[in-house]
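Here's a short tour of the model you're about to look at. Keep the viewer open and find each residue as it comes up.

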Amino acid sequence: MSTFSEIKKEIKNCSECNAVIETYLGSSSYNVICPKCSCVYNYYDGWFIKSFKKLKPLKEKPIIDIGTIGVIDKIKYITLSFVLKKESGTDYSWHEYTLFNPIYGLAYLTMYNGHWMLLKEITEIPNVEGRSAYLNNERFELYSRYRSKVDGAVGEFLFNFSPDEKPQIEEFILPPYIITSEKTEDNLVWLKGEYYAPNQIKNGFNLVDVPDRIGVGQIQPYVAKFKTKFFKQVLILLALIWGTMQVVFDGLAKEEVVFKNYINVNDSTTGKDYYTNSFELKHGTKNVEITMVTSVFNSWIYAGATLVNEKTGDVYDFELEAEYYHGYTDGESWSEGTNWSSKVASSVPEGTYYLIIRPEKPTSLNNMSIGITLTRDVFISSNGLILLILMAIFPAYYFYKQRKFEENRWYNSNYSPYED
Amino acid sequence: MVSVTSKIDCPSCKSIIYQKIDFPFAFRCSKCNNSFEVFSSEKINDLGIKYNSLNFFSLLKIGDLGRYQNKSFEIIGYVRSVNSYYISNEWMILFSDETKKWLVEVQGSYYIFDNDNKKFITENVKFKKAESKIKFNDKNFVINCISKQIEFLFEGQIELNSVNPTQFFIFDMLSELGDEIATITIFDKENVEINLGKKVNINELNLENINNNNWL
C-alpha cells in the first residue's frame with residue numbers, strides 16, 4: 001500500500017559521490033539531481049536510480065537554497081529546484097527556481113541581472129498575430145525569440161527533466177507582465193509572469209542579500225508609485241483646470257475702453273507729438289493695452305506712444321508698428337504682416353493719465369488716419385500660455401524619462417519599437 | 001454518503017473488502033498488496049500486477065470525503081500514471097448519487113474529468129504535433145503535450161476498464177478558449193478515446209482533510 005504523506009525532508013546519498021541529497025516530495029518527483037556531482041536520478045517509480053542523463057556541474061550557486069520556504073503574494077512556497085539557463089549560442093545565463101505549493105501548484109521564479117519575475121502556467125492559449133499576442137483582450141508585444149538550454153541544475157523536478165532539450169521560447173511583454181511560450185516537438189507550455197522588486201524576494205524568502213539590479217528589467221515597471229495611465233488622467237484633469245481658468249479670467253477682465261481717437265498722419269504731422277486729453281484709469285493696479293489700427297497697404301506706419309501719469313510723472317512707453325504687403329508671384333497671391341499693432345503694459349496704477357503719440361510714415365505713403373485705442377484691464381492669453389508651458393515641464397520630463405527607460409528596456413530585444 | 005453495498009474477501013489474505021462500485025471492478029488489497037479483477041462475488045481473478053508501494057507527497061488519500069457541485073463524494077480509488085513527461089495522480093471519486101468522476105492532479109494543478117470516455121477517430125490524430133489543432137464537439141483544442149505511459153499503479157477500487165498497465169500514447173489538449181481540457185488516449189489503431197475535463201481549484205472540492213492545511 002502506497003503512503004500519501006505531507007511534505008517532509010528525506011535524505012538520500014548520491015551513489016556516485018556520496019553527497020547528501022535532500023528531497024521533499026518523495027516519489028512525486030520525477031527526477032532528482034545531486035547538488036555536488038549533478039548526477040540525475042529517476043525517482044518516479046519509488047527507486048532512487050541513476051539515470052543516463054548527463055548534466056554539467058553547476059557554475060553558479062543558487063541565491064535561494066533548495067528546501068527554502070518563502071512567501072510571495074501571501075502564498076507559501078517551498079523551493080524545489082534551481083536551473084541555470086542560457087540562450088542557446090550566447091554566454092549570458094539566468095536563474096530559474098521551481099517553487100511549489102500543494103494547493104496552488106507550481107510557479108517559476110526567474111532572476112536575470114537582479115530583476116525577478118514569477119511565472120505560472122496558464123490554460124488559455126494566447127492569440128498570436130505577427131508581433132503581438134492577445135490574452136484576455138490585452139496586447140503583449142513580442143520581445144524575444146530564442147532557444148533555451150540548461151547550463152546546470154540541482155534539486156527535484158515534478159516533470160521529466162531533459163537537460164539536452166532546447167525548447168523554442170517566445171516572450172511577449174506588457175510591463176509589469178509577460179507571457180511566454182516554450183515549445184518542443186511534443187510539448188507546448190504557456191506561462192504568465194509578473195515583475196517582482198528584489199526586496200520582495202529578499203523579504204519573502206528571508207535572504208541575507210540579493211543581487212543589485214543592472215539596467216532596466218524586461219518587464220520592470222517604469223514608475224513603481226503610480227502608473228502612466230493614472231498620470232495621463234491627472235494631465236487631462238490639469239488641462240481641464242487650465243481651460244476653466246482661462247475662461248474664468250477672460251470673463252473677469254473688465255476690458256474698459258478709456259481712450260479712443262483717430263489721428264491724421266501726413267507729411268506735416270509725421271514725427272511730431274500729439275497730446276491727448278486726460279482720462280482716468282480705475283480699478284487699482286491693472287494692465288492697459290494700446291492698439292493702433294491703420295489701413296496701410298504695401299507700406300508701413302509707426303507710432304511711438306507714451307502714457308503719462310499726470311500726478312506722479314511716471315511714464316510707460318510703447319512702440320506700435322504696422323506694415324502690410326500684398327502681391328502676386330508666379331500667379332500666386334501672397335500677403336505679409338498686419339495693418340494693426342498692439343502692446344500691453346502690466347501693473348499700471350489707477351490715476352489720471354494722458355497719452356503722447358508721435359506717428360511716423362514714409363514719404364511715399366499718402367495721408368492716412370490711424371485709430372488709437374487704450375483699454376484698461378484686458379485678458380492676456382499669453383499669461384495662460386506661460387502657465388501651460390510651466391505645467392507641461394514636469395509631464396514632458398516624465399515622458400522623456402519614460403521613453404529613455406523604454407529604449408533601455410528594449411535594448412536587448414531584436415524587436416524594439418524604438419529602433420529606426 | 002456512499003452506501004456500502006456488499007463485502008468480499010481478498011482471495012489472497014482473506015481481508016474484508018467493502019465494495020464501493022458495481023461489477024466489474026478492480027481492487028488492490030491494502031493488506032497483501034495483491035490486485036484482483038472482480039466480475040462477481042464468486043468470480044475474482046488475480047490481475048498479476050506487481051509493483052512497489054510508493055511513498056510520496058499528496059494532499060489526498062483513499063477514503064477522503066469532500067463535496068463538489070453540491071454533491072458529497074468519497075475517494076475510492078487511485079491511479080498513478082507515469083508518462084514520458086510527467087506523473088499523473090488520478091483519484092476516482094464516487095458521488096452520493098453513484099456517479100463517478102476522475103480528480104486528476106498533475107504538478108500541483110487539479111482537474112476534474114468525466115468518467116465517460118468517448119470513441120475518437122484515429123485519423124484525426126495522425127501526424128499531429130504540439131500546437132496542432134484538433135476539433136471535437138465543435139470546439140477547437142490545441143495539443144499541448146504528447147507523451148507515452150511508462151508506469152502504471154493503482155490502489156483502492158477502480159472500474160475494470162481503467163486498469164491499463166500497458167504503454168500507450170496520450171495527447172493532452174487545451175481548448176482555445178481555455179475553459180476545457182481534453183485527453184486523447186491511443187491504445188492502438190482501433191482503440192482511441194477522448195475524455196473531457198476542466199481545471200479546478202482544490203478548494204472547490206471542500207475536502208475535509210485539507211481545511212486546516214498549513215499551505216493554504
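This is a predicted model, so let's begin with confidence. Chain B has an average pLDDT of 90, and 96% of its residues score at least 70. Within chain B, the lowest confidence falls in strand S6 (residues 55–57), with a mean of 80, while strand S9 (residues 87–95) has the highest, at 96. For the complex, the predictor reports an ipTM of 0.92 and a pTM of 0.79.

Now look at some strands in chain B. Strand S10 (residues 100–106) and strand S11 (residues 109–114) run antiparallel and are joined by 6 bridges. One pair to find is B:Leu103 with its bridge partner B:Ile112 in S11(B). The hairpin of S10(B) and S11(B) has 2 residues between the strands, and B:Gln107 takes a positive phi there, near 50°. S11(B) also pairs with strand S17 (residues 191–200) of chain B, again in the antiparallel sense, over 4 bridges. There, B:Tyr111 stands opposite B:Lys199 in S17(B).

Over in chain A, how far apart are the end C-alpha atoms of helix H3 (residues 381–409)? They're 41 Å apart, which agrees with the 42 Å that its 29 residues should span at 1.5 Å a residue. Still, H3(A) has a kink of about 35° at A:Ile393, shortly before the proline A:Pro395.

Most residues other than glycine have a negative phi, and most peptide bonds are trans.

| Peptide bond | Omega |
|---|---|
| A:Pro175 to A:Pro176 | cis, near 10° |
| B:Phe23 to B:Pro24 | cis, near -10° |

You'll find A:Pro176 in the loop between strand S15 (168–174) and strand S16 (177–183) of chain A. As for B:Pro24, look in the loop between strand S2 (16–19) and strand S3 (25–28) of chain B.

B:Lys14 sits in the loop between strand S1 (6–9) and S2 of chain B, and B:Asn206 is in the segment after S17 of chain B.

Conventions
Residues numbered from 1 in each chain as written. Chains lettered and ligands numbered in written order. Predicted model: local features only at pLDDT ≥ 70, side-chain atom pairs only at ≥ 80, totals over all residues. pLDDT = per-residue confidence, 0-100. Pairing = 2+ DSSP bridges. Expected span 1.5 Å × (residues − 1). Bend = angle between axes of the 7 residues up to and from the residue.
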